[in-house]
Amino acid sequence: MLNRIVKAKYKTMETSLISQEELLLEFENKINAEQKIEPLDWMPDEYRNHLIRQMSQHAHSEVIGMQPEGNWITRAPSLRSKKILLAKIQDEGGHGLYLYSAAETLGVSRDQYIQWLHEGKAKYASVFNYPALTWADMGAIGWLVDGAAITNQVSLQRTSYGPYSRAMVRICKEESFHQRQGYEIMWKMMEGTKDQQEMAQDALNRWWWPALMMFGPHDSDSPRTSNAMKWKIKRETNDHLRQKFINKTIPQAELIGLKIPDSNVVKLSDENYQTSDINWDEFWKVVNGNGPCNEQRLAHHIKYHNEGAWVRESASISNPK
Amino acid sequence: MGNTDTQGELWEVFIQSKPGQSFKHAGAIHAFDREMAIENARDTYTRRGEGSGLWVVRSKDIVSVTPNEEGYFFDPSNDKVYRHPTFYEMPEGVKHM
């Protein structure tokens, strides 16, 4: 976040001369001209609040997402896979930090964001409320969960808010390793013993629907989509992105002999598949806090945040400002 | 908001991708001192050899002007078109100019 010394001086001048309507018009012209909005630019409160919610949810998701994978570090089947998993989880932490610092440019402190998470006022991606039960889940998470995230994030590289867009560009560069390492795990297992194949199929069965749910409700049930699209925070709708992901992923599954757990998959054309509708009752149940691991994920974060308080305190005492 | 901040100060991170190139803003990190700031910047922004050089500076020490203020702030130089090489007339056929 850049400081506001110069801003303050000119801001006074500016707001006294320009009305809210003119500012809004200028803002929307900028958006329509595909120019990025920067932290100190004037923006409508609604735009700022949408970003505060969306970017902090995104940051929290990266960090909470470290938990299901962290569960498998000590049990990774080889040194190679352990090193890869560690590097991937470190990346997720890094992505959380890119996003927190981008979100802080909206004028909310990191402490505040974390407090909202702990109070349940801010959410994170529901997909991380499912448990990682076997090693194959490391494959399914990388391939499907990171794959879905990439689909969304590639689109968000073109978001209208400058710091968010730049964070997305950085993250997308790193994510393709994540998806590839996951798909490699699935492929290796499908080339392995019958037990390993069954384990991989079981992981796909459990992660397929939660991955599709990551794109959020149908556009018709997504009340915030319209302003987010108008102001180019989101560039593509939930349903559109979900369909993109489905079309990419089904051939990937078939290539290594996995079966999509949906008996209604129909190939409409070369790269276009029709699937069953999502179980929205389950979606809302997990979003509203009643998934298999909601309590555990949040409790874990709160515990380690609190247990780390002495580290932050001693760092600030030994290094006075 | 943020009165209870226990996360250290905010620092801006600049990366030079190759020797000889300009440093480019990459993002921000939190740290309590200069050493922690440069190490956190390394761990956060250069996990894949993104840079040969790294700067960190306390965000509060940066003075900035934004596009909104462009009109007021850059006025003094905008009318000096003779600063641009294209302003000058050149005789036909002149070379290496």
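The legends below describe close-up views of aromatic rings in a predicted model. Local features need pLDDT of at least 70, side-chain atom pairs count only at pLDDT 80 or more, and totals for chains, interfaces and linings use all residues. Residues are numbered from 1 along each chain as its sequence is written, chains are lettered from A in the order in which they are written, and side-chain values use heavy atoms, without hydrogens and water.

**View 1. Aromatic pair Phe27(A) and Tyr47(A).** Over all chains, a search of the whole structure finds 17 aromatic pairs (Phe, Tyr or Trp rings, the six-membered ring for Trp, with centres within 6.5 Å; planes under 30 degrees apart are stacked, over 60 edge-to-face, the rest tilted). Phe27(A) and Tyr47(A) form an edge-to-face pair, 4.9 Å centre to centre with 75° between the planes. The pair links helix α2 (residues 20-32) of chain A, which holds Phe27(A), to helix α3 (residues 45-64) of chain A, which holds Tyr47(A); the two residues are 20 apart. Helices are DSSP runs of H or I with at least four residues, numbered from the N terminus. Both Phe27(A) and Tyr47(A) are buried (under 20% relative accessible area; exposed is over 50%, partly exposed in between; 1.4 Å probe, protein chains only).

**View 2. Ring cluster in chain A.** Ring pairs join Trp42(A) and Trp231(A) with Phe27(A) and Tyr47(A) in a cluster.

**View 3. Charges over rings.** Arg75(A) lies over the face of Trp72(A), 4.2 Å from the ring centre. Arg170(A) has its charged end over the ring of Tyr98(A), at 5.9 Å from the centre. The criterion is NZ of Lys or CZ of Arg within 6 Å of the ring centre and within 35 degrees of the ring normal.
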